[in-house]
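Please walk me through this structure.

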Amino acid sequence: MSTRAQAPTDALEEVADRAFRLSVPALLGCTALLLLAIVASATQGAAGLPVEGVVRALVGGVPGIDLDQTLSSAQQAVLWQIRLPRTILAALVGASLAMAGAGYQGVFRNPLADPYLLGVSAGAGLGAVLALGFGLDLSWGPIAALPMAAFVGAVLAVTGSVLVARGSFRDPATLLLAGVAMAALFSATQTYALTRLDETRSREVLSWLFGRLATSGWGPVTLLLPYVLLAGAVLWLHARHLDVLRLGDDEARALGLSPARSRLVVVAAATLITAAAVSVSGLIAFVGLVTPHLVRLLVGHSYRLIVPLSAVLGAAFLATVDIGARTLVAPAELPVGVITAFVGAPFFCVVLWRRKVGM
Amino acid sequence: MSEQPAHPNPSHALRTRDVRVAFDGTVVVAGVDLDLRTGEWLGLIGPNGSGKSTFLRSLVRLVPRTGTVELGDGSQPGPTDISLMPQSPELPPGMSVVEYVLLGRTAHLGWLSLESREDRRIATDVLRRLGLGDFARREVRSLSGGEAQRIVIARALVQQSPVLLLDEPTSALDVGHQVEVLELVDELRRHEGLTVVAAMHDLGLAARYADRLLLLEHGSPAALGAPDEVLTADLLSRVYGHPVRIHHVDGHLVVLPAPRTPTSGHRKVGDGHQKALSRSATEEVS
């Protein structure tokens, strides 16, 4: 055949062209999952909504598209004021934690890193205890006291870790240990503060600590969205740096990258996005750890694929899990963090088990 | 100026003046002055701990150094000017050969960090030139030692820096693959006008490929010159702390350890031994 001699050449060009690129099927598949999760989440709940009506409403909500609506106005209100804000919030929180997790895993070159590694959780927890239990009021503009306190606590804890490690972004191990120390310090303070609270208030704090997405209206979504867009863009732009860092610091530097600077930027972006997510949703475990692993199983180890696909899959994952949180013990509600941990912990165990066997 | 440059691209030349490295007060490299022509191959030799690796790493600022390092045109070299092939390159799990090689373009990318069509073309060209076209999809972890060295060379070439530093490029390879890798570098140096500085343990191979050798002793240059000037039994015996013999086999220099006798640290090699040893050495080298 005449094309035969040409074949290897084209094949090489094609392989080179596809390197580091998101494959269309993977992207479409993950996006389809996300859309499915959003529709499922929007239709399930105390008041069930018809799937067709919800899809019509969602598609009709896109500017420029006009569709006959079949939902009653009461159903429309449930959809737009209760169900959808919560679904979108779950998706945004999931995307934030998953992207941050991918970023941290890249920075520490450790696939078992998660976004709470440098003390975000303990810091946010302490902030929440102080705001809910002791009336600490840092509210600022439209941001209420609780999210603001959690955000400030989270950022303070990570800043503390970085300062203790003397800004040593050249040496991630030191940073990691500083994070452990700082998290212990903040957790201890938080636990001490909890013991000083009466039962009602401490229960309120505990339920926040396990993560909750209870929301009324679009407030938390608008609060989180700028962070997701900004920090997400920064993380995506630095995903290639994380790929280069996989070669080790020396080689990265010889290739013209500053590992310390790249780590600083990624840690800053991942911390901001995590702190913002935690401030509106509490501490939701394992999403940030598990999602990048799922993505690795799907598309391989390049952070340029892991970061964006983690965002999409993390969003789909948390939106789906939140259905369970709302419906499993209805009319009561499970903290969503409990379910993510129930799903995430066994997965984590399997990963550990397979690592052990693989070695 | 109408005067033609002496060689095709003077900026490929490398000049160092008084390069010094010290770790916590311990001097590791103690003042190295070099003038490398474009297309020259300098072999860096010396015992373990003599500062070969550290000197190479200091040239690309992986360790803090003092002194001057500049290109032939007087400019400060950056990652687009000097590439370093590390002694034991890290091969990340799950990374394909073509991805690994594309990472060599890092210093050439804009702030969006996206490889252009041109970047990808350069990578495929290099892969094809090194006969690695069929490997593009393979995982770097699945490669043999010789193949892995080739993709590291490919990554360095994709970096398109005219000065190539090799840190023990062949220490992990068998003799066949050693020669294969060094032949490849030699061919590239001839065709691309690359300037090569290679730290090597095998003195015979160093002598065979290098135009000049720099012998380091405790971080200081003990000798710099053509291989047959530097590879003398007296000098090597003193610097390496063990008596050695120098043999000539088919026009190549072969350095062999001599048995240590109670009296001789720096013994001259006897002629009778030389012939007998040469024969066995011939079989090994060719």
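Which helix of chain A holds Tyr303(A)? The residue lies in helix 14 of chain A. Keep in mind that this is a predicted model.

## Around Tyr303(A)

Start with the surroundings of this one residue. Tyr303(A) counts as buried because it has 28 C-beta neighbours inside 10 Å, and the cut-off for buried is 20 or more. Leave aside the neighbours within four places in sequence. Tyr303(A) is then in contact with Ala102(A), Gly106(A), Ala239(A), Leu242(A) and Asp243(A).

Now compare sequence with space. Tyr303(A) and Gln105(A) are 198 residues apart in sequence. From C-alpha to C-alpha, they are 9.5 Å apart in space.

Helix 14 of chain A spans residues 303-327. Helix 4 of chain A spans residues 73-107. The two pack at an angle of about 145 degrees, and their axes are 7 Å apart. Their crossing is right-handed. What kinds of residue make up this contact? There are 18 nonpolar residues, six polar ones and one charged one.

## Confidence in chain A

The average pLDDT of chain A is 87. A score of at least 70 is reached by 96% of the residues. Where in chain A is confidence lowest, and where is it highest, among the helices? It is lowest in helix 1 (residues 7-18) of chain A, with a mean of 77. It is highest in helix 10 (residues 239-245) of chain A, at 95.

Over residues 1-7 of chain A, the pLDDT is below 50. Beyond near neighbours in sequence, this stretch has zero contacts in the model.

## Where the chains meet

## The three-stranded sheet of chain B

Turn to chain B. Three of its strands form an open sheet in the order 2-1-4, with antiparallel pairing. Strand 2 (26-36) and strand 4 (66-71) of chain B are the edge strands, and each pairs on one side only. From one strand to the next, the twist averages 15 degrees.

Strand 1 (residues 14-23) of chain B pairs with strand 2 of chain B over eight bridges, in the antiparallel sense. One detail shows the pairing: the bridge partner of Arg15(B) is Asp35(B), in strand 2 of chain B. A helix joins the picture too. Helix 1 (residues 52-59) of chain B packs on the sheet and touches strand 1, strand 2 and strand 4 of chain B. The direction of this helix makes about 65 degrees with that of strand 2 of chain B.

## The six-stranded sheet of chain B

Chain B also has an open sheet of six strands, in the order 5-6-7-3-8-9. Its pairing is mixed. The edge strands are strand 5 (82-85) and strand 9 (220-225) of chain B, and each pairs on one side only. Here the twist averages 15 degrees from one strand to the next.

Do strand 5 and strand 6 of chain B run parallel or antiparallel? They run parallel, and four bridges join strand 5 of chain B to strand 6 (residues 163-167) of chain B. Met85(B) stands opposite Leu166(B) in strand 6 of chain B.

Notes. Residues are numbered from 1 along each chain as its sequence is written. Chains are lettered from A and ligands numbered from 1 in the order in which they are written. This is a predicted model: local features need pLDDT of at least 70, side-chain atom pairs count only at pLDDT 80 or more; totals for chains, interfaces and linings use all residues. Two strands pair if DSSP finds at least two bridges between them. Axes are lines fitted to C-alpha atoms, for helices over the stretch in contact, and angles run from 0 to 180 degrees between N-to-C directions. Two residues are in contact if their C-beta atoms, placed from the backbone, lie within 7 Å. pLDDT is the predictor's confidence in each residue, from 0 to 100. A crossing is left-handed if the near helix is turned anticlockwise from the far one by less than a right angle, and right-handed if clockwise. Ala, Val, Leu, Ile, Met, Phe, Trp, Tyr, Cys and Pro count as nonpolar, Asp, Glu, Lys and Arg as charged, and the others, Gly among them, as polar. A residue is buried if 20 or more other C-beta atoms lie within 10 Å of its own, exposed if 12 or fewer, and partly exposed in between; C-beta atoms are placed from the backbone.
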